[in-house]
Amino acid sequence: MTTSKVLPALPLLAPLVAAGTIASPAAAATVSVTIPRINVAEYHRPYVVGWLEPIAGGTARTVFVWYDVKKAGREPGTKWLADLRTWWRKGGRSMQLPADGVSGATRAPGTYQVALPSNLPAGQYVFKVEAARETGGRELVSVPVTVPVKKGGSASGSAELGAVTIR
Amino acid sequence: MRYSHILIASASLAAALASPASAHRQWLLPSTTTLAGTSEYVTVDAAVSNDLFYPDHFPMSPEQVTVWMPDGATGKLENPATGRYRSTFDVKIDKPGTWKIGTQRSAVMGSFKVDGQEWRLGGRGRPMGAGGPGAPGGAPPRAVASVAEIPANATDVKLTEVQSGNYIYVTADAPTKTVFTATGKGLELDPITHPDELVSNEEGQFRFLIDGKPAAGLKVTVVPGSKKFRETEEAQELTTGADGVLHVKWPVAGMYWINASATDNKPSEKRATERRMSYTATVEVMAP
């Protein structure tokens, strides 16, 4: 509705904006995350976390965190969450885990779809995905995104993460 | 042999306390500073050496080490052991928040004369130099343990108050700042950037206080570890601003040794003329 006021100034963008609005009513954007297959003698599924950081600053919002939820033995699977060092500092350390609808078990290599929260305030964000693997490496991938999502984005890791795509 | 070792050890410790610029550095090296959950341990090396963090000189005594928990209570060391070059101990980090672990010392040192004979205070019976009391083959040194024991007829009383602290900070889950509550006495750290959330691509900011007031123009040395694997030490000699704030850029991620020292003429002991203060910490700077 308010976009009509912007139309004279941005005639070229208008069709895109209109098409985007029709194609995705109400949010419902998803992020797809690829965990690459890595050929090593000792493979452990990585801990992977995805979160949104408002560009203007403010609290990070964790969208998913995959870790060893039901680890057997003396030490809890949460011990290695701090290895997701950027997320840990941006807010992971103050989270109560497990968290309903957010935390889950580690995933095998493959591509996974995760819905973005439907109640995100409009604005500019960076979606970050961080992966850390036992006896392996650690990688962080960032994808800028504007909410509501009209135009997606994609970025790819080079070792521990494959493509991260928002659409 | 053993006795001479003790003499050398106490001498080098006294030297480190008396002049923080001395090359021998006391350091604590934690296995990590950031933990997830409250079921973990941190294990710490403690030593005195020139190069950081390479133990090749003397161990620090675990008996000097105190553990301050986030709630202000005193924690305990486990498995203390003293080796030839370094000591080691564990601390169970079983409460969330930021813990402070290290040594804290306040002493008065100096000399005075009684009937022309030189006496020492806080010198631990150190030799006094050629021909003096305690020199090889000479009479044992005359020393007293406290200011109160200085006799009334003492002359040439020269006393220095020495305060020093050497710390590491370990955080389980979210960091807290209770262990940084200033006492208003001596040289203290009032961090702007929390020492357990340093990242190599972000500037570290630390305010230093002397007697609770911003310590302007304070000299601070910041040294990255692993000198062995570089050409030079790459120490930074920095100075606090008028607001007492130190701005530190980290050339690489890793463990850093930070040492601040100051001398003034405001000792809390009335008979002392000078006060020497030093603050030391080992901090972990993460890769971004």
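Predicted model: local features only at pLDDT ≥ 70, side-chain atom pairs only at ≥ 80, totals over all residues.
View 1. Residues are numbered from 1 along each chain as its sequence is written, and chains are lettered from A and ligands numbered from 1 in the order in which they are written.

**View 2. Strand 1 of chain B has a partner in strand 3.** Strand 1 of chain B pairs with strand 3 (residues 40–49) of chain B in the antiparallel sense, over six bridges. Look for B:W27, which sits opposite B:A47 in strand 3 of chain B. Two strands pair if DSSP finds at least two bridges between them; strands (E, at least two residues) and helices (H or I, at least four) are DSSP runs, numbered from the N terminus.

**View 3. The largest nonpolar core has 83 residues.** B:V44 and B:F208 are the ones with the most contacts inside this core. Strand 21 (residues 274–286) of chain B gives the most to this core, with six residues. A nonpolar core is a set of buried Ala, Val, Leu, Ile, Met, Phe, Trp, Tyr and Cys residues joined through C-beta atoms within 7 Å. Zoom in on B:F208: leaving aside neighbours within four places in sequence, B:F208 is in contact with B:L187, B:L189, B:A215, B:L218, B:T240, B:G244, B:L246 and B:A260. Being in contact takes C-beta atoms, placed from the backbone, that lie within 7 Å.

**View 4. B:E188 is a buried residue in chain B.** B:E188 lies in strand 13 (residues 187–191) of chain B. B:E188 counts as buried because it has 22 C-beta neighbours inside 10 Å. Not counting residues up to four places away in sequence, B:E188 touches B:A182, B:T183, B:L209 and B:Y279. B:S164 is 24 residues apart from B:E188 along the chain, and their C-alpha atoms are separated by 9.7 Å.

**View 5. Chain A holds an open sheet of five strands.** The strand order is 4-3-2-6-7, with mixed pairing. Strand 4 (103–104) and strand 7 (138–147) of chain A stand at the edges, each with a single partner strand, so one side of each is left without a neighbour in the sheet. Further in, strand 2 (residues 47–54) and strand 6 (residues 123–132) of chain A pair in the antiparallel sense over eight bridges. A:L52 stands opposite A:F127 in strand 6 of chain A.

**View 6. Chains A and B meet.** The contact takes ten residues from chain A and ten residues from chain B. On chain A's side, the residues divide into four nonpolar, two polar and four charged. Ala, Val, Leu, Ile, Met, Phe, Trp, Tyr, Cys and Pro count as nonpolar, Asp, Glu, Lys and Arg as charged, and the others, Gly among them, as polar.

Note on methods:
Buried ≥ 20, exposed ≤ 12 C-beta atoms within 10 Å, placed from the backbone. Contact = placed C-beta atoms within 7 Å.
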